[in-house]
Every structure is written in structure tokens, then in C-alpha cells.
Amino acid sequence: MPALSYDDIVWACTNLCDLIEFENEALERHDVGTIRELSANKSSLARIYEQSIAPMRDDPSLAEALEPEQKEDLLALGKRLQVLVEENAKRLKIEMEVRQMLMDSMVSAAKANATQTTHYSKSGAFSATATGEPNSLAFNKTL
């Protein structure tokens, strides 16, 4: 079983917290480019953090080997991470809902502005669309 590395846990958690904090700021600004750029690093740091705490998760008695100050530091970092992750989840959910509402309103506007068209059938007869579904309209410039 791998040994518990206090320094690895602190490094991974601190960097993950900083990245999530930065992502939350980007979410507040609706900066999709930054959010997209951060996603790979976020996933990697989350895996590193998970791997660094795995020994303690598998054997909680390993925490007893830590100094009291180290335990306090890890507890504070864990609380910071928890708050940031909760905020991040809320911001991500809101961002997705806003984008979905925008797409829904664009679709509704497109449907509302669609016009019933008339066209020539294959037989050359002039006819209106009977189905009520909007059609595209083409203009032949050679006429």
C-alpha cells in the first residue's frame, strides 16, 4: 500500500482549489474559452488529488501519523475545496441552463418567423404548402 504523502495532498488540493476558483471567475464572466481550456487541467488535478488521498481513504489510520498542524491544514484545505466545488457545480448548472434557454428562445424565434411558402410542384403547378410546415425559399436569378 502506498504511503500517505502530506506534501502531495497539499499540492494537489491547493492547485485544484486555485483552478476551480479561476474557473468560477470565468463562469461568472461567461468566458467559455477559458472554461474549455481549464477542463483538461481540472480533470488531471482531480485525478492527482484523488490518488494522493487514496491511501488515507483506504486506511484512515494513516491520518494518525500526521502532525496536528498538518491535520488542521488538510481539514482547512478540504473545506475550501468543498465550498469551491459546490459553487462550481452551481455555476456550471446555471451556465448550462442559460445556454439552453438561449437556444430554446432562438429556436422559438426561428419557428415564429418562419413563413408559409408557395412553390412550383414537379408537374410545374403553382401550389401552397398544405402541411403548414415552413419550407425554404429559393430565388432563381435567371428568370
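A residue counts as buried when its relative accessible area is under 20%. The legends below describe a predicted model.

**View 1. Packing of helices α1 and α2.** Helix α1 covers residues 6-28, and helix α2 covers residues 32-58. Their axes lie 9 Å apart and form an angle of about 155°. Angles over 145 degrees count as roughly antiparallel, so α1 is roughly antiparallel to α2. The crossing of α1 and α2 is left-handed. Sorted by class, the residues in the contact of α1 with α2 are 18 nonpolar, four polar and three charged.

**View 2. The cysteines C13 and C17.** C13 has a relative accessible area of 1% and is therefore buried. C17 is also buried, because its relative accessibility is 0%. For C13, the closest cysteine sulfur is that of C17, at 4.1 Å. For C17, the closest cysteine sulfur is in turn that of C13. A disulfide requires sulfur atoms within 2.5 Å, so the distance of 4.1 Å is too far for a bond. Zero disulfides are found when the whole structure is searched.

View 3. E21 is partly exposed, because its relative accessibility is 34%. Leaving aside residues up to four places away in sequence, E21 touches R80 and L84. E21 and L81 are separated by 60 residues in sequence, while their C-alpha atoms are 9.4 Å apart in space.

Note on methods
Residues numbered from 1 in each chain as written. Predicted model: local features only at pLDDT ≥ 70, side-chain atom pairs only at ≥ 80, totals over all residues. Heavy atoms only, no water. Axes fitted to C-alpha atoms, helices over the stretch in contact; angles between N-to-C directions. Helix = DSSP H or I, 4+ residues; strand = E, 2+ residues; numbered from the N terminus. Parallel < 35°, antiparallel > 145°, perpendicular 65-115°, else oblique. Left-handed = near helix turned anticlockwise from the far one by under 90°. Nonpolar A, V, L, I, M, F, W, Y, C, P; charged D, E, K, R; others polar. Buried < 20%, exposed > 50% of the residue type's maximum accessible area, 1.4 Å probe, protein only. Contact = heavy atoms within 4.5 Å.
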